[in-house]
Amino acid sequence: METKVTKTIGHFVNGRILSGSGQRYGNVYNPASGEVSGRVSFAGKTEVEEAVSAAAAAFPAWAATPPLRRAKVLFRFKELLDRHAEELSALITAEHGKVLSDARGSLTRGIEVVEFVCGIPHLLKGSFSENVGTAVDSYSIRQPLGVCVGVSPFNFPAMVPMWMFPVAIACGNTFVMKPSEKDPSCPMRLAELFSEAGLPPGVLNVVNGDKEAVDLLISHPKVSAVSFVGSSAVGEYVHRTATSHGKRVQALGSAKNHAVVMPDADLDQAVDALMGAAYGSAGERCMAISVVVAVGDRVADDLVKRFVERIRTLKVRPGQDPEAEMGPLVTGEHRERVKGYVDLGVREGAKLVADGRGFQVAGHENGFYLGACLFDRVTPDMRIYREEIFGPVLSLVRVPDFQAALALVNSHEYANGTAVFTRDGDTAREFAARVEVGMIGINVPIPVPVAFYSFGGWKRSILGDYFVHGTEGVNFYTQMKTITSRWPTGIRAGADFVMPTMK
Ligand code: NAD
């Protein structure tokens with residue numbers, strides 16, 4: 001059964017829902033049926049001002065709240081997330097389109113970040129050195145930044161916002177979240193649940209909208225830091241604009257993730273793993289595998305044969321169908337863009353061995369479906385190889401040996417994730433050591449780091465110096481202060497005009 005949501009989505013500011021000024025709206029779709037399921041209010045100056053002011057007003061008291069007490073709110077939030085997991089997953093599927101089991105998995109990954117920051121008293125522990133000089137002690141502490149802003153993409157409406165606001169808030173900051181306008185219901189519900197867990201009004205606010213809201217937020221004088229996740233082109237703009245306004249910025253961008261398959265790999269395992277990594281979530285994952293690098297023609301021919309067989313039986317259905325393996329794309333517009341890349345690949349001379357362009361689901365003819373597509377004999381000069389497609393389109397590139405595979409991966413401008421499939425320890429170790437990519441899988445196709453490690457790519461897949469969540473996330477949302485102290489001891493050394501050193 002498809003979830004039909006007919007509603008107007010507003011904003012969450014200072015602990016309550018605002019309907020917004022009602023001047024601009026965007027459509028929200030049910031991708032499984034192609035129908036408009038609701039509309040979302042687009043924030044302008046009034047809503048952004050209200051949200052930032054609420055966050056700024058809430059900051060002093062929240063920053064002064066002992067971390068242990070902040071953690072108690074996070075524990076209650078985690079319990080509510082678990083209790084509402086089915087409802088939240090259904091919201092993700094209803095507006096994004098991904099299959100329900102995948103929505104649940106992505107929510108779990110977000111909840112794990114909340115679990116990680118339940119340990120915030122420990123994570124914020126500083127360091128102390130006794131007697132850095134005679135009767136002089138030194139200690140470092142980490143303090144929150146102030147009002148932080150998050151801007152997130154459509155493909156993970158729960159997980160990516162939860163990479164940001166739980167960490168920022170645990171550290172004592174207050175937050176304004178601007179989720180994707182394509183699937184805003186889940187982030188709104190997350191804010192309501194956090195509030196129900198006891199989060200004071202104004203600590204977490206959600207403003208919905210588009211570029212106008214983002215521009216107002218990233219240049220706002222009361223905002224201290226901006227976390228962005230989305231395409232590199234927008235990320236570069238956000239990074240440039242926000243840093244020029246003096247903000248601390250982390251911006252995670254686009255990807256083109258390669259999986260290298262060596263001749264000694266377990267091909268049954270590799271094909272299983274790569275089917276999920278390429279076509280899961282209809283390829284709309286920043287860690288999706290979109291390029292298979294087959295080492296040697298024997299491996300390439302074998303892989304193509306196996307992929308074609310598997311694609312024939314791939315269950316592409318509405319995300320709510322418990323049997324579905326792949327759902328529709330997020331919007332009709334995005335489906336057309338992805339289809340356009342398939343047309344382009346054919347024109348560029350790649351061999352389209354699985355063509356999903358005409359695919360339809362009976363009874364859901366207006367849904368935003370595209371069948372799985374596979375190109376063989378893709379070459380590095382082709383745009384379908386160089387650009388991020390963000391759909392169920394897998395490109396196979398043939399290379400003669402491991403060194404050529406490594407050189408190919410390292411020559412791409414995007415460097416989010418990559419994987420190698422091999423039984424050989426030397427090969428795996430050399431790959432991990434020499435590949436110029438942020439997240440590496442060894443026989444693991446989607447190596448998304450768990451919450452207590454940090455997530456981020458290299459090269460054009462990231463701007464700014466900090467990855468998200470894990471200790472890097474805590475460092476991003478805090479600034480260090482180092483205190484050097486001496487208490488009167490009765491020792492009088494007299495005035496000293498030289499640089500202090502240990503005496
Ligand atoms: P997008 O860049 O179009 O949008 C991201 C956010 O920026 C949205 O909230 C959107 O409203 C806002 N935005 C869009 N255009 C803007 C503009 N001109 N000025 C200011 N703000 C703007 O990305 P998307 O299509 O929602 O998401 C898909 C992209 O996100 C893919 O490129 C994918 O690789 C990337 N992504 C990256 C990661 C990562 O961790 N590196 C994770 C998830 C998604």
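Which helices and strands each supply at least two residues of the shell around the ligand? They are α8 (211-218), β11 (223-229) and α9 (232-244), where helices (H or I, at least four residues) and strands (E, at least two) are DSSP runs numbered from the N terminus. This is a predicted model, so local features need pLDDT of at least 70, side-chain atom pairs count only at pLDDT 80 or more, and totals for chains, interfaces and linings use all residues. Residues are numbered from 1 along each chain as its sequence is written, and side-chain values use heavy atoms, with hydrogens and water left out.

Let's look at the shell itself. Of its 27 residues, S152, K178, E181, S231 and E388 come nearest to the ligand; a residue is near if one of its heavy atoms lies within 4 Å.

Now for the polar contacts, which are pairs of N or O atoms within 3.5 Å. An oxygen atom of the ligand lies 2.7 Å from a side-chain N or O atom of E181. For K178, a polar side-chain atom is 2.8 Å from a ligand oxygen. F154 uses its backbone instead: an N or O atom there lies 3.1 Å from an oxygen atom of the ligand.

Note on methods. A polar contact is a pair of N or O atoms within 3.5 Å; within protein, one must be able to donate a hydrogen and the other to accept it, and residues adjacent in sequence count only if both atoms are side-chain atoms.
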